Each structure stands twice: as structure tokens, then as C-alpha cells.
Amino acid sequence: MGKEFFSFLKCRECGRQYPKKAVHVCEFDFGPLEADYNYEQIRHSISRQVIESREHNMWRYRELLPIDGDPTIGLKTGFTPLVKADRLAKALGIRELYVKNDAFNHPTLSFKDRVVAVALSRAQELGFKVVACASTGNLANSVAAQAAGAGLKSYVLIPADLEQSKVLNSLVYGTQVIGIHGAYDQVNRLCSEIAGKYGWGFVNVNLRPYYAEGSKTQGFEIVEQLGWRLPRHTVVPMASGSLLTKVTKAYQEAIKVGLIDQQPFSIHGAQATGCNPISTAFKAGTDLIRPVPKPRTIAKSLAIGTPADGYYAVNAMKSSGGSCEDASDEEIIEGIKLLAETEGIFAETAGGVTVACAKKLIATGRIPAGDSAVLCITGHGLKTAEAVAPHLPAPRLINPSLREFEALIANDEVHAAAA
Amino acid sequence: MPIPVSIPTPLRPLTENLDTVEVEGATVSEIITALDKKYPGIGERLLDAQGNVRRFLNIYVNGEDVRFLQDKETAVKAGDEVSIVPAIAGG
């Protein structure tokens with residue numbers, strides 16, 4: 001029965017329809033292909049009650065995801081915590097704030113587990129035996145892990161200078177890790193050529209229409225976890241801009257299929273200043289994205305100089321009354337520490353970008369202090385520990401002696417309770 | 001002076017499978033008009049209904065994206081190279 005929900009692929013530019021194969025670009029005008037659904041049928045098939053009765057994973061929104069049969073990959077992925085962040089709200093000066101914590105995602109601690117769950121479930125349906133990706137790290141981790149779990153062979157191609165822990169987090173699964181001397185955009189270009197030549201399922205190239213839809217589940221979960229309503233503001237980090245456009249699409253679809261009533265929402269984008277092609281275009285009032293040839297930022301997961309969805313991201317922000325900011329390396333580190341010290345959540349550098357940009361957006365009133373907001377945290381801090389390490393104090397060392405301990409804490413703000 | 005224009009794989013069925021063709025023109029716009037005259041049908045693949053270069057197609061003059069030059073009015077002269085390259089999706 002599920003078969004009829006997902007209809008076909010459609011060019012986002014000219015609307016030409018394509019069969020549900022491993023194709024991602026319109027043959028006529030080179031526009032990206034996107035999954036299209038029978039919303040009328042979905043509207044009659046799902047409800048809040050139906051969704052709430054299902055398991056706590058991303059597939060509870062199954063009708064709005066582009067596969068034909070039952071999902072086979074990522075059955076424990078998603079439904080990550082939405083944390084009410086009162087202490088961070090106070091620090092940033094906003095009434096109501098939540099953190100959507102995909103640092104806690106299964107199995108590899110980033111939002112990419114969602115997109116890979118969809119891409120590989122679809123890859124299985126299409127019969128691929130080898131899967132691959134171009135990645136700034138998180139996607140590689142998730143492809144490596146979830147391919148291993150499904151018994152698929154995988155190749156992950158990454159820029160050679162990624163964080164050690166992100167490289168290790170791919171290697172451990174026995175995947176083929178290929179480091180490329182070059183920036184992400186060059187890795188991606190190479191993958192395009194490989195995808196055209198080998199019969200592999202590249203999750204972010206020829207399987208991109210399926211992969212990208214997985215990001216919507218973060219948006220659906222926010223809606224459900226807020227008690228079936230939209231946050232007035234959502235701040236999303238941007239690399240290619242895909243997550244931002246898909247969270248926007250999720251909110252629109254939740255309205256379209258009758259899960260929530262029409263209500264206003266604004267989507268805001270966050271980039272690193274060292275790689276800010278989308279934020280630069282937004283601030284200049286254009287949707288023409290000028291590529292950044294040499295990204296320089298500690299937020300390596302966001303270092304995409306030629307963002308494939310930049311145009312759509314700018315327009316999603318503009319049409320929703322949102323805005324856009326970017327953050328320097330120093331501000332990113334401050335953002336990571338602020339989130340950790342106020343909420344006990346350790347985010348990777350991209351999370352520091354989101355917090356730092358949210359801080360600017362609130363301080364300047366683009367997110368009004370009296371409103372509600374959700375910050376999308378997309379990956380775990382241990383993945384980029386080396387970026388933060390130089391900015392944290394070393395532990396204080398003493399011998400196992402009470403006298404030394406008491407001398408050590410004499411100037412601290414805590415005092416031993418009277419025995 | 002004829003200007004060499006490199007053609008991406010998906011458009012080669014229109015250019016007798018040639019990867020590089022030569023046409024005359026003093027601007028990118030004239031080059032596109034000349035291309036369409038020589039290889040009918042290629043024009044609508046390059047320009048949208050409003051006559052703008054399609055969003056997911058890049059035209060480079062000596063490696064520079066014409067969107068950041070003078071767009072379709074970008075001048076071309078003898079010795080220049082024009083490339084047509086579809087945008088790379090991904091990321």
C-alpha cells in the first residue's frame with residue numbers, strides 16, 4: 001500500500017518528471033531532481049495518533065519519505081531529544097529556546113544518520129551492492145557505519161585534512177576511506193565523475209534526491225516534540241544548504257498533510273565566516289551564490305565553497321522572513337563552550353556556528369526576544385575535539401593527599417560542608 | 001575569429017558528439033546565438049524562457065563564471081576559451 005505515497009522525481013526548475021531511479025539531475029536544464037508525493041493520499045493515511053503509535057525513530061514519518069517498501073536501514077535512527085534550553089535561553093536573552101540534539105543520533109552521532117538511512121534503504125531497493133559518498137566527515141562516518149551494518153561494500157571520499165576523529169570514525173567500520181588532496185568541492189567533483197563511470201550508489205550524487213529527503217525528519221520531529229506546533233524561529237547550520245531547505249519543506253508538508261494548522265515560521269541560516277557563500281549572498285540581497293574557492297574555518301563539516309542548494313536556501317530564508325549570519329572561529333569556540341556550560345551538550349564545530357549565529361540574531365532583534373526558537377545541533381563534539389582542545393584548561397594535577405586538595409581548592413568558590 | 005567552446009557530455013548529442021566546437025561572436029550572447037544556429041536546439045538548453053543562463057548551468061570565459069563578469073554581455077575575443085559546465089550537485 002505504501003507504494004503510492006511516493007510518486008516520482010521531479011525537476012525543481014522545470015517540473016519535468018523522472019522515474020524513481022538513481023538519477024539526480026534534469027536532462028533538459030540540469031536542475032536538481034526532488035521526490036514528489038501524493039499528498040492527498042498521505043493526508044488521508046496519517047494523523048497525529050497514527051504517528052504517535054509508532055516506534056520512536058525517523059521512520060514514523062514513513063509516508064513522507066521516498067522509498068517504496070519497508071525501510072531496511074536506520075531502524076533506530078532519529079527521534080533525537082528536543083531539549084528545553086532555559087539556561088541557554090537566559091544567556092542569549094530569549095523567552096523560549098530548544099535545542100534539537102542530533103549529536104545524540106544513532107548510530108554515528110550526527111544528523112547525517114537520517115539522510116543515510118533513506119539513501120541506503122533506497123539503494124537496497126534499487127539493487128546497489130556498493131555505496132559511496134563525498135563527505136566533509138559526518139556523512140562518511142554514517143555511510144561507513146550503516147553500510148557495514150547492512151553488509152554493503154562502501155567507499156568514502158574525503159578531503160585529506162579532516163579531523164583525526166572523523167577519519168577514525170570511518171576507518172573503524174572497515175570501509176574504504178580515500179583521502180583526496182583538495183577541498184570538499186574538488187572531492188565532490190571527482191565523485192561526480194566516478195558516479196558517472198561506475199555503477200555505485202553515491203548517496204549524495206546519484207542518490208541525492210532520496211538522501212536529501214531524510215533531513216526532513218529533523219523538522220517533523222521538532223513539530224511533534226513541541227506538541228504539534230511550529231517554533232516561531234528555527235536556526236539551521238548551512239554547508240550545501242540542503243538541511244535548511246528540507247527543514248523548511250518538512251514544516252510546509254506538516255501543514256499540507258493536516259498534521260498542524262497553517263502558522264507563521266521563520267527559518268534562519270548559520271555559516272562559518274571562513275566559508276560563507278550563502279550568508280554573503282543573503283546579506284547582499286541576491287540569490288546568486290559566489291563560490292568560495294578556499295574555505296578557511298574550523299567548522300570543516302560546513303566547508304562547502306560551492307553550495308548545491310544555496311539558491312534554494314536563500315529563498316527559503318527570504319520567503320519565511322528569516323535571516324542569515326556567520327561566525328568566526330573564535331565565536332564558534334565560544335558557542336560550543338556556551339552550549340556545553342549552560343545545557344551540558346557538547347556539539348561539534350557546526351553546533352558552535354549555530355549557537356554563535358543565534359546569539360547575533362537574537363541580539364539584533366532579527367529573532368525577537370519574546371519569541372520561541374529551536375537551534376539545530378547537528379553533530380557531537382567529540383568528532384571535532386581537536387578544534388576545541390587548545391581552548392580548554394588542562395586538568396589541575398595533585399598527589400592523592402587531602403592537604404594538597406585543600407590547598408588546591410582554597411581559592412575556588414566551593415567550600416566543604418561542615419562535617 | 002572563431003572562439004572554441006567546450007561542450008559538456010549531456011549536450012554533445014546536439015553537437016554531433018563534438019566536445020569542442022568553434023563559433024564566431026564578440027559576446028557570450030552572440031556565441032550562444034551562433035551555437036544555436038549551427039546546432040539547432042542547444043539555445044533553449046542554455047537559456048531559460050527569460051533568456052537568462054540556466055541556473056544550474058555555468059558558462060565560463062577563461063575559467064571565470066560569466067555571472068561574475070558581465071553575464072551574457074561578457075566580451076570574448078580571439079584567444080579566449082568558453083566552457084559550458086553543468087553545476088555539480090552534492091554535499
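In strand β8 of chain A, G179(A) is the bridge partner of I158(A). Strands here are DSSP runs of E with at least two residues, and helices are runs of H or I with at least four, both numbered from the N terminus. β8(A) and strand β7 (residues 153-159) of chain A run parallel and are joined by five bridges. Two strands count as paired if DSSP finds at least two bridges between them. The model is a predicted one: local features need pLDDT of at least 70, side-chain atom pairs count only at pLDDT 80 or more, and totals for chains, interfaces and linings use all residues. Residues are numbered from 1 along each chain as its sequence is written, while chains are lettered from A and ligands numbered from 1 in the order in which they are written.

The β7-β8 pair belongs to an open sheet of four strands in chain A, with the order β8-β7-β6-β9 and parallel pairing. The edges are β8 (176-180) and β9 (201-202) of chain A. Each has a single partner strand, so one side of each lacks a neighbour in the sheet.

A second open sheet in chain A has three strands, ordered β2-β1-β3, and its pairing is antiparallel. Here β2 (17-18) and β3 (33-37) of chain A stand at the edges. Each pairs with a single strand, so one side of each is left without a neighbour in the sheet. Strand β1 (residues 6-11) of chain A is joined to β2(A) by two bridges, and the two run antiparallel. K10(A) has Q17(A) of β2(A) as its bridge partner. In general, the strands of a sheet pair through backbone hydrogen bonds, either parallel or antiparallel.

Helix α10 (residues 242-256) of chain A packs against helix α9 (residues 216-225) of chain A. Their axes come within 7 Å and cross at roughly 50 degrees. Axes are lines fitted to C-alpha atoms, for helices over the stretch in contact, and angles run from 0 to 180 degrees between N-to-C directions. α9(A) and α10(A) are therefore oblique to each other. Angles under 35 degrees count as roughly parallel, over 145 as roughly antiparallel, 65 to 115 as roughly perpendicular and the rest as oblique. The α9(A)-α10(A) crossing is right-handed. A crossing is right-handed if the near helix is turned clockwise from the far one by less than a right angle, and left-handed if anticlockwise. On the α9(A) side, the contact is made by K216(A), Q218(A), G219(A), F220(A) and V223(A). α10(A) contributes K246(A), V247(A), K249(A), A250(A), Y251(A) and A254(A). Residues are in contact if their C-beta atoms, placed from the backbone, lie within 7 Å. By class, the contact of α9(A) with α10(A) has six nonpolar, two polar and three charged residues. Ala, Val, Leu, Ile, Met, Phe, Trp, Tyr, Cys and Pro count as nonpolar, Asp, Glu, Lys and Arg as charged, and the others, Gly among them, as polar.

α10(A) also packs with helix α12 (residues 310-319) of chain A, at an angle of about 45 degrees and with the axes 8 Å apart. These two helices, α10(A) and α12(A), are therefore oblique to each other as well. Their crossing is left-handed. L244(A), T245(A) and T248(A) of α10(A) meet Y312(A), A313(A) and A316(A) of α12(A). This contact of α10(A) with α12(A) has four nonpolar, two polar and no charged residues.

Overall, chain A holds 16 helices and 13 strands. Its radius of gyration is 22 Å, close to the 22 Å that the globule rule gives for 419 residues, so chain A is as compact as a globular protein of that length. The radius is taken over C-alpha atoms, and the rule is 2.2 Å times the number of residues to the power 0.38. The C-alpha trace of chain A spans about 75 × 45 × 45 Å along its principal axes.

Chain B has two helices and five strands. Its elements run β-β-α-α-β-β-β from the N terminus on. The C-alpha trace of chain B spans about 40 × 30 × 25 Å along its principal axes. A compact globule of 91 residues would have a radius of gyration near 12 Å, and the 12 Å of chain B agrees.

The contact between the chains takes 27 residues from chain A and 14 residues from chain B. Helix α7 (residues 184-197) of chain A gives the largest share of the chain A side, four residues. By class, that side has 13 nonpolar, eight polar and six charged residues.

Two backbone features lie in loops. The peptide bond from H106(A) to P107(A) is cis, with omega near 5 degrees. P107(A) lies between β5 (96-101) and α4 (112-126) of chain A. N17(B), a residue other than glycine, has a positive phi, near 65 degrees. Its loop connects β1 (3-6) and β2 (20-23) of chain B. Most residues other than glycine have a negative phi, and most peptide bonds are trans.

Technical notes:
Contact = placed C-beta atoms within 7 Å.
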